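Reader: Got the model open at last. Can you walk me through a few spots on it?

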Amino acid sequence: PQPNAEPYSSIEFFCIVVFTLEYLMRICSCCAGPGLLHFLVAPMNVVDLAAILPWYISKFIGSAIKGLSVLRVLRLTRVLRIFKMGRNFQGLILLLHTFKRSAAALLMLVFFVGLSLIVFATLIFHAESGTWDAHRKQYLRADGQQTPFESIPSSMWWCIVTMTTVGYGDHYPITWPGKLVAILTMFCGLLVLSLPITIIGANFDELYRDMRKKEVEEKARKKSELMHKRLEHSHSDPTSSNHISSFMAACQVTAVRNGLAAKFARKAGASSTSSTDAAPVAGELPAHVVPTDANQKERVLRAVHELILQSHTNLMDDVEKVLEKHERELRLQIKALLATHSKGINQQTPLESMEHIIKCRLPTG
């Protein structure tokens, strides 16, 4: 557009004002940080100054200074500041880490593409170059038109467009050998580009999963810290302490209802079954008692922990007994099955003989 065309001039004026205010505010605050000299010589700050300075020069001095258009070009460098957003943009950081991890795959991709360009550009040049016209000093096709494949370097443009399956259609072969080379170029492009890109995609997926895992762990850590803070606050707040005590008692009642506390009480209090009003199991509180101090809370937690351990022990004992029973039954079934097809299979094995001797020598009682 023209220099003073609307609405571009108004938009430019607004942007210059915003950038100028930002630059001046950063100058005023740089003394508390790196200092004025370091601020002025920083590359990105030089870019910021070069982005706004041409507008003021053209506004107050006009066309008296030649070469002002060179300074205007420097305004385009303002676009580079968009990369400063990368420090807070997780997607861009993830993409950069992916490229860093996939450096070997990218080098392999560049090597394969470069090798394919040389090979297929040479083939398509010899297939579609046509005949050389000494008068016009160029290659001509059979219909007299100039061929687009004038040299191997110029044919590389067609190769890269064909290998990436873009297909602009500005250059295309018309002879059968050229079409055959084009088919080979298409298939080779699919294979050459797909293999390294698959590695890059796998690295991106792995890094993305790691990032999501870290986010979940960070949320869990913050939640845990918040719970610890609430617990510390509850120790100093009697009201909160009573609520936690009531919660502990409710947990104990639930455990008793599930039958875990009853089984533990029968085994632990077998020696004191004469009275129904006997003292409760060590570490266990009656369901109707609500603990009110730290010691009682600790007893409740210890009782629940003992109930869980006891139930786990009972479960392991039951599982072991079931496994032994099934093992004996399976051994007898296999022995009975083989007895129908072999002779002497009913004889005791050395292991069974040893078990029988041990059982006989053990005292009965």
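Reader: Which residues make the nonpolar surface patch?
Author: In this predicted model, L95, L96, F99, F204 and Y208 make a nonpolar surface patch of about 450 Å².

Reader: And which elements give two or more residues to the patch?
Author: Those are helix 5, residues 90-101, and helix 8, residues 176-236. Helix 5 gives the largest share, with three residues. L95 sits in helix 5.

Reader: OK, switching to packing. At what angle do helix 6 and helix 7 pack?
Author: About 115 degrees, and their axes are 8 Å apart. Helix 6 covers residues 103-128, while helix 7 covers 152-163.

Reader: Is that crossing of helix 6 and helix 7 left-handed or right-handed?
Author: The two helices cross in a right-handed way. On the helix 6 side, the contact is made by V113, S116, L117, I118, F120, A121, T122, I124 and F125. Helix 7 brings I152, S155, M156, W158, C159, I160 and M163.

Reader: How do the residues of that contact divide into nonpolar, polar and charged?
Author: There are 13 nonpolar and three polar residues where helix 6 meets helix 7, and no charged ones.

Reader: Charges, then. How many salt bridges does a search of the whole structure find?
Author: Eight salt bridges turn up. One of the pairs is R26 with E22, whose closest N and O atoms are 3.8 Å apart.

Reader: Where do R26 and E22 lie?
Author: Both are in helix 1, residues 8-29. R26 and E22 are four residues apart there, about one turn of the helix.

Key:
Residues are numbered from 1 along each chain as its sequence is written. This is a predicted model: local features need pLDDT of at least 70, side-chain atom pairs count only at pLDDT 80 or more; totals for chains, interfaces and linings use all residues. Side-chain values use heavy atoms; hydrogens and water are left out. Axes are lines fitted to C-alpha atoms, for helices over the stretch in contact, and angles run from 0 to 180 degrees between N-to-C directions. A crossing is left-handed if the near helix is turned anticlockwise from the far one by less than a right angle, and right-handed if clockwise. Contact means heavy atoms within 4.5 Å. Ala, Val, Leu, Ile, Met, Phe, Trp, Tyr, Cys and Pro count as nonpolar, Asp, Glu, Lys and Arg as charged, and the others, Gly among them, as polar. Patches are made of residues with over 30% relative accessible area and no salt bridge: like charges are joined within 9 Å, nonpolar side chains (Val, Leu, Ile, Met, Phe, Trp, Tyr) within 5 Å. Accessible areas come from the Shrake-Rupley method with a 1.4 Å probe; for residues, only the protein chains shown count as cover. A salt bridge is a side-chain nitrogen of Lys or Arg within 4 Å of a carboxyl oxygen of Asp or Glu.
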